[in-house]
Amino acid sequence: MACKFVKSLKLCNIHKISNYIEHIQQDINTKYFSSTSNKEILSPSFGLIFDIDGVLVRGKQVLPGVQDTFMNKLTNSGGRFVVPTVFVTNAGNSLAADKAKQLTEWLGVEVEEDQVVMSHTPIKMLHKYHTKHTLISGQGPMEEIAKRLGFNKVVTVDSIRNAHPLLDCVDHRRRVSLKDVQSGKVVPSPIDPVEAIAVIGEPVRWETNLQLIIDLLLTNGNPNELPPTVPYPHIPVIASNMDLLWMSEATMPRFGHGTFLVCLESLYKKITGHDLIYDHLVGKPCELTYQYAVQLLLKQVSQPQQLIRLYGIG
């Protein structure tokens with residue numbers, strides 16, 4: 001599950017950036033804004049890429065100094081950013097638009113949707129998968145997220161359960177028997193075979209998602225039929241957010257989506273003897289994620305060629 005780090009980023013913290021911005025504040029205010037229209041004519045030589053969890057907030061608590069930095073040093077009196085700024089998070093169970101609204105509330109300044117990169121956002125660039133019948137795994141508005149990412153035909157884990165009601169057996173309270181199906185008490189809802197899997201966030205019922213994803217990998221996406229041999233390579237898998245742990249308001253780090261992926265990889269390896277193959281990994285610290293963030297930064301400047309340095313605050 002290795003990703004290539006972007007070596008050009010200089011990692012800083014909020015206090016260092018705050019001091020740096022303070023040092024050049026006067027120059028920014030005079031050079032980069034029109035005194036009459038207050039409209040951005042940004043052409044600074046650097047841009048900012050902010051992490052969110054553990055950097056700007058912990059859980060839902062804004063960390064000390066963060067609001068002051070954004071309200072008084074990173075934005076002008078009209079609330080407009082004085083430096084090209086994007087927010088990159090490994091959160092994946094919500095829409096970028098919703099995260100932008102949350103950031104606006106936390107920071108006290110207006111954050112636009114196109115300033116936010118969720119863990120799954122770079123999947124927008126993976127066009128060749130968008131036409132495949134894709135299982136999307138996670139929690140939250142999965143179908144809406146998939147639509148925003150560009151997928152044309154998606155299916156959720158619940159849809160897989162409804163199509164193949166005998167597969168999900170761990171929770172005895174939800175277990176369906178063959179008798180239930182044969183009697184018509186439970187009627188399966190047929191779906192087309194799954195052609196790809198996008199694992200974009202930790203689910204609520206890990207046992208269900210692990211079981212059904214493994215089932216699809218072992219059957220080329222059609223668990224109605226058991227193939228004579230294990231298909232390998234398996235159908236394409238895309239995953240976002242490899243963070244094993246993340247820091248919330250608890251005293252100790254909590255399991256992240258990376259922990260779920262480790263479970264998936266381990267089970268697949270134990271069952272088949274093969275390594276799970278990821279066609280693409282996105283989210284921090286993958287290069288594709290930062291490439292996408294840079295594209296958003298370039299849209300915020302009037303002279304892109306002058307943007308020669310990026311600061312990653314994490």
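Mentor: A surface patch is built from residues with over 30% relative accessible area and no salt bridge, and nonpolar side chains are joined within 5 Å. Keep in mind that this is a predicted model.

Trainee: Which residues make the nonpolar surface patch?

Mentor: L244, L245, F255 and V262 make it, and the patch covers about 380 Å². V262 belongs to helix α8, residues 257–272.

Trainee: Why is V262 called partly exposed?

Mentor: Its relative accessible area is 33%. Buried means under 20% and exposed means over 50%. The value of V262 lies in between, so V262 is partly exposed.

Trainee: What makes strand β2 largely enclosed by the rest of the structure?

Mentor: Strand β2 spans residues 46–50, and five of its five residues are buried, so the rest of the structure largely encloses it.

Trainee: Which residues point one way from β2, and which the other way?

Mentor: F46, L48 and F50 point one way, while G47 and I49 point the other way. In a regular strand, side chains alternate between the two faces of the sheet. Residues on both sides of β2 are buried.

Trainee: How do you know that β2 pairs with strand β14, and how many bridges join them?

Mentor: Two strands pair if there are at least two bridges between them. Five bridges join β2 to β14, residues 309–313, so these strands count as paired, and they run parallel. In this pairing, F50 stands opposite I313.

Trainee: What makes β2 and strand β5 a pair?

Mentor: There are three bridges between β2 and β5, residues 85–88, and the sense is parallel. The requirement is at least two, so β2 and β5 pair as well. Here F50 stands opposite F87.

Trainee: How much space lies in the largest pocket?

Mentor: It holds about 640 Å³. Of the 26 residues that line it, D53, T89, A91, K99 and W246 are the closest to its centre. The elements that give two or more residues to the lining are α3 (96–107) and β11 (245–246). Helix α3 gives the most, with four residues.

Trainee: Why does A239 count as buried?

Mentor: A239 has 0% relative accessibility. Buried means under 20%, so A239 qualifies. A239 is part of strand β10, residues 237–240. A239 and D279 are 40 residues apart in sequence, and their C-alpha atoms are 8.4 Å apart in space.

Trainee: What makes the peptide bond from Y232 to P233 cis?

Mentor: Its omega is near 0°. P233 is in the loop between α7 (206–218) and β10. The peptide bond from K284 to P285 is cis too, with omega near 0°. P285 is in the loop between β13 (280–282) and α9 (287–298).

Trainee: Which value of phi does N220 have?

Mentor: Phi of N220 is positive, about 55°, although N220 is not a glycine. N220 is in the loop between α7 and β10. N241 also has a positive phi, near 70°, and is a residue other than glycine. N241 is in the loop between β10 and β11.

Trainee: Why is N220 called partly exposed?

Mentor: The relative accessible area of N220 is 42%.

Trainee: What about N241, buried or exposed?

Mentor: N241 has a relative accessible area of 7%. That is under 20%, so N241 is buried.

Methods. Residues numbered from 1 in each chain as written. Predicted model: local features only at pLDDT ≥ 70, side-chain atom pairs only at ≥ 80, totals over all residues. Heavy atoms only, no water. Patch = residues over 30% accessible without salt bridge, like charges linked within 9 Å, V, L, I, M, F, W, Y side chains within 5 Å. Areas by Shrake-Rupley, 256 points an atom, 1.4 Å probe, with all protein chains shown as cover. Salt bridge = Lys/Arg side-chain N within 4 Å of Asp/Glu carboxyl O. Buried < 20%, exposed > 50% of the residue type's maximum accessible area, 1.4 Å probe, protein only. 1 Å grid on protein atoms, 1.4 Å probe; cavity = no way out; pocket = protein on both sides within 12 Å on 5 of 7 lines; lining within 4 Å. Points joined across faces, edges and corners; volume = space filled by probe spheres on them.
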